[in-house]
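User: I have a new model to go through before I set anything up, and I would like to take it piece by piece. Please put it on screen first.

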Amino acid sequence: MFGVTVILAVLISTAYTTESDCPSNCLNPLKQNVYPSNSTSCDRIPPSCLEFDPDLLSVFSKCHYGQNVTFSYKYLPECEEYIPRECNGVRKRKSLCKYCFQMSEDKFTCKNEKSDCNPRKSGPDRMVTLTCEVLPEVICNGRRLFKRKFPCSFTTGKKWSVAVILSVTLGGFGADRFYLGYWKEGLGKLFSFGGLGVWTIVDIVLISVGYVGPADSSLFIYT
């Protein structure tokens, strides 16, 4: 049984490494997300592998926003050999009448990009723009790569309650500053015995009111 599995794996690998007329934006998602699989979902086959009838532009031009739409399709002839056998009879799929940038957040991924996002200094209404792309299997209207704005608020797991407890109990040794990522200030408190107690008291107040937070400008978790 093991030998048969190995042979099948080699054959599948060979099929994907040899030249094919099937476009890479169909083959690559199939290889990564669909095939081979013990529980194939035919809805995960990317639209780049499909030939719609009528075409997507015609369907989206007639549907109403947010409406469930049923798409009829057939597989591209040059890609049929890569389509899982159990999906051969499937010729319809449903999706929402939306542009790609209007899809819900579980339908796309966004790249981590450097930005000037600083939620503790920028205010609650600050927004950051990220580059996003819908998942390969999603059927939507328009460009699949787009920009989308998100609130400039993020956390790295630092808890306000932990910071306050450390400041009260071990603040004289700089534990609160070390926890928040202020290594230099932590060393300063450690070797000055909390600024002879004055620095410790000041930090207890500043951390308690939220004036001093994580060094990376992330937000506290208040739970």
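**Contacts, strands and pockets**

User: Which residues does serine 208 touch, if we skip those up to four places away in sequence?

Analyst: Serine 208 touches Trp160, Val164 and Asp203 once those close sequence neighbours are set aside, where a contact means heavy atoms within 4.5 Å. This is a predicted model, in which local features need pLDDT of at least 70 and side-chain atom pairs count only at pLDDT 80 or more, while totals for chains, interfaces and linings use all residues. Residues are numbered from 1 along each chain as its sequence is written, and side-chain values use heavy atoms, with hydrogens and water left out.

User: How far apart are the C-alpha atoms of serine 208 and valine 164?

Analyst: They are separated by 6.1 Å, although the two residues are 44 residues apart along the chain. Serine 208 sits in helix H9, residues 198-208; helices here are DSSP runs of H or I with at least four residues, strands are runs of E with at least two, and both are numbered from the N terminus.

User: Why does proline 46 count as buried?

Analyst: Proline 46 counts as buried because its relative accessibility is 1%. The residue is in the loop between H2 and strand E1 (50-52), and its C-alpha lies 6.3 Å from that of cysteine 26, which is 20 residues away in sequence. Leaving out neighbours within four places, proline 46 is in contact with Asn25, Cys26, Pro29, Leu30, Pro136 and Glu137.

User: Zooming out, how many helices and strands are there in the protein?

Analyst: The protein has 9 helices and 6 strands. Of its 223 residues, 33% count as buried, and among contacts with a separation of 6 or more, 59% are between residues 24 or more positions apart.

User: In what order do the strands of the open sheet run?

Analyst: The order is E4-E5-E6, with antiparallel pairing among these 3 strands; two strands pair if DSSP finds at least two bridges between them. Strand E4 (108-110) and strand E6 (145-151) are the edges, each pairing on one side only. Neighbouring strands are turned by 45° against each other on average, direction ignored, with axes taken as lines fitted to C-alpha atoms and angles running from 0 to 180 degrees between N-to-C directions.

User: Over how many bridges do E5 and E6 pair?

Analyst: E5 and E6 pair over 7 bridges, and threonine 129 has lysine 149 in E6 as its bridge partner. E4 and E5 pair over 3 bridges, with threonine 109 partnered by glutamate 133 in E5.

User: Switching to pockets, what is the volume of the largest one?

Analyst: Its volume is about 370 Å³. A pocket is an open set of points on a 1 Å grid over the protein atoms alone where a 1.4 Å probe fits, with protein on both sides within 12 Å along at least five of seven lines, and lining residues have an atom within 4 Å of a point. Points are joined across faces, edges and corners, and the volume is the space filled by probe spheres set on them. Of the 13 lining residues, Glu133, Val134, Leu135, Pro136 and Arg144 are closest to the centre, and helix H2 (24-34) and strand E5 (127-134) each supply at least two residues of the lining.

User: And which residues lie nearest the centre of the second largest pocket?

Analyst: Lys94, Ser95, Met103, Lys107 and Val138 do, out of 13 lining residues, in a pocket with a volume of about 260 Å³.

Key. Buried means under 20% relative accessible area, exposed over 50%, partly exposed in between (1.4 Å probe, protein chains only).
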